[in-house]
Amino acid sequence: MFTEKIIEEQKQGQALITEIKKENSKKLFIESYGCQMNLNDSEIVAAILSDHGFNTTQNLEEADLVLVNTCSIREKAEQTVRKRLEKFNAIKKINPKMKVGVLGCMAERLKEQFLEEEKIVDLVVGPDAYRDLPNLIAEIEAGRDAVNVILSREETYADVSPVRLNSNGVSAFVSITRGCDNMCTFCVVPFTRGRERSRDPESIIKEIQDLSDKNFKEITLLGQNVDSYLWFGGGLKKDFKNASDMAQATALSFSNLLDRCASQFPKLRFRFSTSNPQDMHLDVLHTMAKHDNICKYIHLPIQSGSTRMLERMNRKHTRQEYMTLIDNVHKILPDCAISHDMMVGFCGETEADHQETLSLMAYVKYDFGFMFAYSERPGTLAAKKMDDDVPLTVKKRRLNEVIQLQRVHSLYRTEQFLGKTVEVLIEGESKKSDAYWMGRNSQNAVVVFPKTNIEKVGDLVHVKVNTCTSATLIGEKIS
Ligand code: SAH
Ligand code: F3S
């Protein structure tokens, strides 16, 4: 799973040319690292620039502007971006007219420092300042460096219709919140993406309608913490708490939004990511149970199985509360898959804490997971106040144990599908063989099966599962 995450991160490569405007004469090469939110942000950036003379290109050599949408979550993510910038530097030597910009979390974290450290960078733009890109590009075209890293309490890019980059034409991301207010002590996201804001539901519905009209079949609602979505007219939640009862009475929660999406678009399949256990309430589970077109899959990061560590991390729930939530998921949604994020080696983690992580995993038997070793991030509370005291070798060993255990559980989960028939949305050809289709079932398991002549990408088909690995179900189409 760990390696899969890395592959996924590498795969988030360059943009496909999906929308060409004839009047546009300049070429934009945009590359994204990190989370799904970053991919979606790159689509927003491509849309903003498409109205200002740029079409996207996959050919780096012909680009007038190269933008790298960066990730700061772990040190390694930042190193990957720095290496990439070295490559752009080499190309810039051949094509000095090419401009290079850094977007996203690293831009926000390092600000002007970027211009000094990485001499080839012309432009530094944080996640809330993309509307300013056309002005900033005019600045660099006039020979000046340009920086905008102002974070906003309002910006949701609600009215921007993203250019679908890298899309298979079947599934698309729709952002519903931006930022995060949770302040987990290890995490840089609240500093790089700012305060949490929810997006106007009308603009969400409009975007989904547009995707439906374009024949998309699956929508993933995105946010750092989707379950805390709350629409009451915009702005921060803190302000809402002081607002009138009237506003409270008309507020729209995440389960309301999900219910509305699933009811209004019965032909579309819905997913969402990410849920934070402290904000996931039973009403969301009941809404999932009510609608066949909401996929039975929840990504529910925990980070550690030890209540002591959860407290140090400022996660606002205990091991026991999490286990109760898992019990409720199984009770209300018996066929629901669950995945996790787990972070080993956080400050002060003992062998006993680690054993609690392993025993929690054994309790849940997750379908899959994303697993990491703690990496100290400058500016976070953990970096300021806690000692990064677990040696790297210990972190690596614990990570390996968690990965190995997850493999066992993933296989246990995929084996439960053997002999059963699953509904699969075809996303494209299997990477291993063009004689096979690849898709996912409701539980987000990857399913491959031999092509017959009639089905096509975007079809929902029934596949009988004959064999499996820990990551893939293999079967044959029955209808
Ligand atoms: N709520 C977010 C979490 C974003 S970060 C979401 O939408 O997914 C994704 C994961 O990266 C976290 O759940 C955590 O497991 C891991 N992570 C965050 N900060 C980290 C750090 N400093 N070192 C290692 N892993 C980290
Ligand atoms: Fe980070 Fe915790 Fe928010 S992991 S994104 S601060 S929920």
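I began with the exposure of Met 183: its relative accessibility is 40%, so it counts as partly exposed. I note that the model is a predicted one.

*Entry on Met 183.* I looked up the backbone of this residue and found a positive phi of about 55 degrees, although Met 183 is not a glycine. I located Met 183 in the loop between β8 (177–178) and α7 (189–193).

*Entry on ligand 2.* I then listed the surroundings of ligand 2, and Met 183 is among them.

I placed Gln 303 in the loop between β14 (297–299) and α13 (307–312).

*Entry on a cis peptide.* I inspected the bond from Ser 273 to Thr 274 and found it cis, with omega near 10 degrees. Thr 274 lies in the loop that runs between β13 (269–273) and α12 (282–290).

*Entry on α14.* I compared the length of helix α14 (residues 319–332) with expectation: 14 residues at 1.5 Å a residue should span 20 Å, and the end C-alpha atoms are 20 Å apart, which agrees. I listed Arg 319, Tyr 322, Met 323, Leu 325, Ile 326, Asn 328 and Val 329 as the buried residues of this helix. Their cover includes α12, β14, α13, β15 (337–344) and α15.

*Entry on α15 and α17.* I looked up how helix α15 (residues 351–364) lies against helix α17 (residues 392–415): the axes come within 10 Å and cross at roughly 10 degrees. Angles under 35 degrees count as roughly parallel, and I therefore recorded α15 and α17 as roughly parallel to each other. On the α15 side, I found the contact made by Glu 351, His 354, Thr 357, Leu 358, Met 361, Ala 362 and Val 364. On the α17 side, I noted Arg 397, Arg 398, Glu 401, Val 402, Leu 405, Gln 406, His 409 and Arg 413. The residues of this contact divide into six nonpolar, four polar and five charged.

Methods: Residues numbered from 1 in each chain as written. Chains lettered and ligands numbered in written order. Predicted model: local features only at pLDDT ≥ 70, side-chain atom pairs only at ≥ 80, totals over all residues. Heavy atoms only, no water. Axes fitted to C-alpha atoms, helices over the stretch in contact; angles between N-to-C directions. Helix = DSSP H or I, 4+ residues; strand = E, 2+ residues; numbered from the N terminus. Parallel < 35°, antiparallel > 145°, perpendicular 65-115°, else oblique. Contact = heavy atoms within 4.5 Å. Nonpolar A, V, L, I, M, F, W, Y, C, P; charged D, E, K, R; others polar. Near = heavy atom within 4 Å. Buried < 20%, exposed > 50% of the residue type's maximum accessible area, 1.4 Å probe, protein only. Expected span 1.5 Å × (residues − 1).
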